[in-house]
Amino acid sequence: MNSSLELRKLTTPQDLFQAAAEEVLHAAADAITQRGRFTIALSGGSTPRNLYTLIAANASGSLPWDQMFFFWGDERHVPPDDPESNYRMAKETLLSKIPVPPANIFPVPAEKSDASAAAQTYEQTLQKFFALSAGEFPRFDLILLGMGPDGHAASLFPETAALQEKSRLVVANWVEKLQTSRITFTLPVLNAARCVAFLVSGADKAAVLHEVLEGNAPGEKYPSKLVRPSEGKLIWFVDRAAASELSAAA
Ligand code: 6PG
């Protein structure tokens, strides 16, 4: 398989969440059938949050939850019980509502005072779980991403150092405009995935989505442009409001 880009335009946010939820469950069934397990990296943000809520509401006990393994593509540098924590958000909306074994959940150790140490520990977690040799990248079955209003994905913000990282799996990334470090997957990990799904909703994303999908600006300005799985699917789930500045051909 080589890479493919699919733009799925849905009418309303609810339609978007429904379509994305179906894709998650389809990807899970596929992965478990083919490889006996499903590895997914969750994202933070309000758009992914709505998806998790929907999955939890429709999740049936009959799914093979014990063969699903949950990671995070990025995390704020806060403890897991902090209101800002992506782990806390996913736990509240999804993980506390499905019978997934706690051993299948791999939060970023963002409580560590040193963000670089947290990133290094998480990188070791990935290397162990995926049994990686030096220089290898984990191949997640699905990585969920939101797109920030500045075009960031995960915690790969415009003009930040992490965008240049080519060998590490997880890094601490200082974000000047937020005056904080974030812990984030690097682009090689995002681009090693079997499937990356962006979730983009709302008119406030329309101009940036046009730039990302149709503009000529460098990826450093709109990092979501740099997410292109080399051997995998890239699916953009967008609602009508977010897609309002895309060309008709898109
Ligand atoms: C985070 C997320 C971030 C988010 C985007 C989109 O830690 O905040 O990982 O990348 O997905 O900012 O968020 P919204 O969907 O809320 O706009």
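**The ligand and its surroundings**

Between an oxygen atom of the ligand and a polar side-chain atom of Thr 47 the distance is 2.6 Å, a polar contact being a pair of N or O atoms within 3.5 Å. The model is a predicted one, in which local features need pLDDT of at least 70, side-chain atom pairs count only at pLDDT 80 or more, and totals for chains, interfaces and linings use all residues. Residues are numbered from 1 along each chain as its sequence is written, and side-chain values use heavy atoms, without hydrogens or water.

For Arg 76, a polar side-chain atom lies 2.6 Å from an oxygen atom of the ligand. Of the 420 Å² of accessible area that the ligand has on its own, the protein covers 89% (Shrake-Rupley method, 1.4 Å probe).

Two elements, helix 2 (46-58) and strand 4 (74-76), each give two or more residues to the shell around the ligand. Helix 2 provides the largest share, 3 residues. In total, 16 residues surround the ligand (a heavy atom within 4 Å), and Ser 46, Thr 47, Arg 76, Ala 154 and Lys 205 are the closest. By class, the shell holds 9 polar, 4 charged and 3 nonpolar residues, with Gly counted as polar and Ala, Tyr and Cys among the nonpolar types.

The protein as a whole has 6 helices and 9 strands (DSSP runs of H or I with at least four residues, and of E with at least two). Its radius of gyration is 17 Å, close to the 18 Å that the globule rule gives for 250 residues, so the protein is as compact as a globular protein of that length (C-alpha atoms; 2.2 Å times the number of residues to the power 0.38). Along the principal axes, the C-alpha atoms fill a box of roughly 45 × 40 × 40 Å.

Definitions and conventions: A polar contact is a pair of N or O atoms within 3.5 Å; within protein, one must be able to donate a hydrogen and the other to accept it, and residues adjacent in sequence count only if both atoms are side-chain atoms.
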